[in-house]
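Reader: I would like to go through this structure with you, piece by piece. Could you begin with the strand pairing and then move on to the rings?

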Amino acid sequence: MATIRFGFRRLNFHLLRRSFLLLKLTAFVIAVLLFCEFLIYYLVIVWCNWPEIKTPAHDSERETLEPVLKAMFLADTHLLGEVRGHWLDKLRREWQMERAFQTALWLLRPEVVFILGDIFDEGKWSSPQAWADDVERFQKMFRHPPHVQLKVVVGNHDIGFHYQMSTYRIKRFEKIFNPERLFSWKGINFVMVNSIALEGDGCNICSEAEAELIEISHKLNCSLKEQHSRRCEDGQPLPASAPVLLQHFPLYRRSDANCSGDDAAPPEERGIPFRERYDALSREASQKLLWWLRPRLVLSGHTHSACEVLHGAGIPELSVPSFSWRNRNNPSFIMGSMTPMDYALAKCYLPCEDTVLITYCGAAGFLVVRILVHFGLLASPSPFGWKLLRKFKTSWWSSGSKALTGGMAQKH
């Protein structure tokens, strides 16, 4: 009878031990998931701060007298479609963008968010149903409170390159996203350009786009003139501020050879010449935009990598890297503090995909070792570690004692 009780107690002990192991492993797995899928975004983005504008009206004790607009700029989200989008790829990369965007909204509190094109990956050929599904996913991922404005610029993956672009695709895009080309807030003018339509071949869509830009140019010129002509009396006057130009294609440049930084193009790709109207706007279209709009700052996407370029009389352009892990290991976005006369920009990096993958691999390795040790299939590394540590301490102590003894002998 005693033997039976002992065996029963032993069985209960083993069951309890296994249950405790299962509980610990489950808690470990949940902790790793919480860290990699939620906490890591807060731990990384919390270090991002809005840049300060250095103006004569600013000192260490008070803010600038002009209202400051907090704007976020991101690019090339490339939501996958039904053709090239594997379900696991969609789940992983879209979850990353959703968590990054929602965390940034919660921590940084921007007033306006601009996405610089290529919202979707397959908008240029997606069916009506596929388009509706993609739009629904986008609206869920990039949901935002009513007081935050979301402005979107069209990209080549949204409506196709010039030879794929059609009135139907443009109208379909503009039905979801506000088609306004000129947006003013807190005295700051933003011009959002359909850079795919700046082909310069006289097509109907291109002609309409250029006519619209010329009209915007006229309004901006009127806002900067002290004495208005009769042509400037029509409509609501714009703030007297040089605009910020937002578009998908970068302005013309030969290549990314002069670009640098952790999120620039890989060194082996920087010297590859850009093709006009494909990798960047044509030289002619770029000159027209700079002449018509006279922007104080240009922000663009398309290349998936960062670059800072000066155009003409020192007009800066910043290429914004892709926001998605699918296009780069270290995504980022731009934070802009802006006033009608000045601005300051800062970059905010998102968690690297490598960091998350290494964390998962390390956690998986730990689980395998822990399970093998529990079932006696692998010797516990703990005793070996303690022996190694004791051996190291002993050797260090003996060598130190010998050195001390030798030093005393030399003194004597």
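Author: In this predicted model, W185 has I188, a residue of β5, as its bridge partner. Strands β4 and β5 (residues 188-192) pair in the antiparallel sense over four bridges.

Reader: Which helix packs on the sheet there, touching β4 and β5?

Author: That is helix α6, residues 204-224. The direction of α6 makes about 170 degrees with that of β5.

Reader: What is the strand order of the open sheet?

Author: The order is β4-β5-β6-β7-β9-β8, six strands with mixed pairing. The edges are formed by β4 (182-185) and β8 (307-311), each of which pairs on one side only. On average, neighbouring strands of this sheet are turned by 20 degrees against each other, direction ignored.

Reader: Let us turn to the rings. How many aromatic pairs does the structure hold?

Author: There are 20 aromatic pairs in the structure.

Reader: Why does the pair of Y42 and W106 tie together parts that are apart in sequence?

Author: Y42 belongs to helix α1 (residues 2-45) and W106 to helix α2 (residues 87-108), so the pair joins parts of the chain that are 64 residues apart in sequence.

Reader: And how do Y42 and W106 stand in terms of accessibility?

Author: Y42 is partly exposed, because its relative accessible area of 29% falls between the limits of 20% and 50%. W106 has 53% relative accessibility and therefore counts as exposed, the limit being over 50%.

Reader: What is the geometry of the aromatic pair of F114 and F183?

Author: F114 and F183 are also described as edge-to-face, with 6.1 Å centre to centre and 65 degrees between the planes.

Reader: Are F114 and F183 buried or exposed?

Author: Both F114 and F183 are buried.

Reader: Which residues do ring pairs link into a cluster?

Author: The cluster consists of F101, F120, W131, F138, F142, F173, F177, F323 and F333.

Reader: I also care about charges over rings. Where does the charged end of R99 sit?

Author: The charged end of R99 sits over the ring of W95, 5.6 Å from its centre. In another such arrangement, R294 lies over the face of W291, at 4.1 Å from the ring centre.

Reader: New topic: where is S324 placed?

Author: S324 is in the loop between β9 (315-319) and β10 (332-338). With a relative accessible area of 1%, S324 is buried, because the limit for that class is under 20%.

Reader: Which residues is S324 in contact with, leaving aside its neighbours within four places in sequence?

Author: Those residues are D76, T77, R93, Q96, M97 and P331.

Reader: What does UniProt list for residues 21-44?

Author: The UniProt record, an unreviewed entry, gives residues 21-44 as "transmembrane region". In the model, the chain over residues 21-44 is 100% helix and 0% strand, and the end C-alpha atoms are 32 Å apart.

Reader: Finally, the chain as a whole. How many helices and strands does the chain have?

Author: The chain has 10 helices and 11 strands. Of its 412 residues, 46% count as buried. Among contacts in the chain with a separation of 6 or more, 74% are between residues 24 or more positions apart.

Technical notes: Residues numbered from 1 in each chain as written. Predicted model: local features only at pLDDT ≥ 70, side-chain atom pairs only at ≥ 80, totals over all residues. Heavy atoms only, no water. UniProt positions renumbered as here; feature names shortened; annotations may be inferred. Helix = DSSP H or I, 4+ residues; strand = E, 2+ residues; numbered from the N terminus. Pairing = 2+ DSSP bridges. Axes fitted to C-alpha atoms, helices over the stretch in contact; angles between N-to-C directions. Contact = heavy atoms within 4.5 Å. Phe/Tyr/Trp six-rings, centres within 6.5 Å; stacked < 30°, edge-to-face > 60°. Buried < 20%, exposed > 50% of the residue type's maximum accessible area, 1.4 Å probe, protein only. Lys NZ or Arg CZ within 6 Å of the ring centre and 35° of its normal.
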